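Morning, everyone. A quick tour today, strands and then cavities. Please look at the screen.

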Amino acid sequence: MYTKPKDEISVILAQYHIIPNYFETVGKVVKVYTNQGVFALKEANPSRIYRNNLVENVRSLQDRGFRNVVPIYHTQNGDYVVEYNTKHYYLMPWIETVDSRSDENLHFQRMFTSLGKMHNRTQKEKKVDKDQLQNHYDTLTKRWSKEKEVLENFIEAAEGNWYMSPYELSYCTYFHKILSAHQFASDQLGEWYKKMKETENTRIVMNHGSLSISHFLVNERGEGVFINLENAQETTPIQDLSNYYKNSFKTYPIQQPDRNNWLKMYEKNFSLREEEKLLFMSYMAYPVQTATKIMSYTKRTGNLNEKDRVKELLHSYWHMNNIEFFISKIQEDIEAAKMIVD
């Protein structure tokens, strides 16, 4: 049951003219049972909801005919966010979701289908700022070049030792795969940059900002809705995709085509342009985890011992391999599409 005082919840709900019968915590929301129905009361980070215009984003999606997002109710005074004791809350209908584990793959397919529809409905053409483009490319290539030096210097130092530590030995085993991923990411970034210099317009869309299967609910009728759009913002469509996939591959070694099929479901509703795919593959392939961990090991920052650091490096290697398989399937699809056109 909910641990906050009942009168606190009652005072907040009174602004909606809602009288609760009882309530309970479910995750990060309060599930409120009333005679008018069941509601979800969410405490929100005020800096995020105002900085990212949570309410305007939800209303904008609904105005554009996108119904796969949970609505936010306003109070009797027309306010969408209620402040109480320095905290901020907003109210939504409670969506009784089906058990995603009963058919997990179908659940993901629905989420990516809905994401493609959301990006499609909210896409805008934006003139490419050539100065901004140049600055982004220069900043990224400079950072990646410095990190490459770290990777190369570390293996030189390791190979120069009479006896390698377990961590150094593991790194030497993975090094060529790491360097290959770094080179591939740099090549894709270079191709993206050349393409963008010749492009007048680029696309921005409304990104969810925290894309996760836990932020996508499917009701008994099979209708899916996004929740938790507190980090939503207008930017490149690959932001949702790269952030989600980067996190999803942080697991044991897997080579499953399902993840590529989810991307295909997305592209049925919002097809990525050539330059967007180039940037997506570049961001995905870049071994940022490995470079960060090598720098941490070199400086001996953190409290991890040698065994834990070796395990951490192994997980980074798995992550890189999982992404490599995913990208190889994307490239196969791109080549197949070119053959059809030719």
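I will take the ground rules, then the strand pairings, then the cavities.

This is a predicted model, where local features need pLDDT of at least 70, side-chain atom pairs count only at pLDDT 80 or more, and totals for chains, interfaces and linings use all residues. Residues are numbered from 1 along each chain as its sequence is written, and side-chain values use heavy atoms, with hydrogens and water left out.

Strands next. A strand here is a DSSP run of E, at least two residues, and a helix is a run of H or I, at least four residues; both are numbered from the N terminus. Two strands count as paired if DSSP finds at least two bridges between them.

Start with β2 and β3. Strand β2 covers residues 29-34, strand β3 covers residues 37-44, and they pair antiparallel over six bridges. Val30 sits opposite Leu41 in β3.

β3 also pairs with β5, residues 87-93, again antiparallel, over six bridges. There, Ala44 has His88 of β5 as its bridge partner.

Now the open sheet. What is its strand order? It runs β6-β7-β10, three strands with antiparallel pairing. β6 (124-127) and β10 (233-235) are the edges; each has a single partner strand, so one side of each lacks a neighbour in the sheet. From one strand to the next, the twist averages 35° (axes are lines fitted to C-alpha atoms; angles run from 0 to 180 degrees between N-to-C directions). β7, residues 201-207, pairs with β10 in the antiparallel sense over three bridges. Within that pairing, Met206 is bridged to Glu234 in β10.

On to cavities. A cavity is a set of points on a 1 Å grid, over the protein atoms alone, where a 1.4 Å probe fits but cannot get out; lining residues have an atom within 4 Å of a point. Volume is the space filled by probe spheres set on the points, with points joined across faces, edges and corners.

How many cavities of 30 Å³ or more turn up in the whole structure? Three. α11 gives the largest share, four residues.

By type, the lining has seven nonpolar residues, four polar and one charged. Nonpolar means Ala, Val, Leu, Ile, Met, Phe, Trp, Tyr, Cys and Pro; charged means Asp, Glu, Lys and Arg; the others, Gly among them, are polar.

Definitions and conventions. 1 Å grid on protein atoms, 1.4 Å probe; cavity = no way out; pocket = protein on both sides within 12 Å on 5 of 7 lines; lining within 4 Å.
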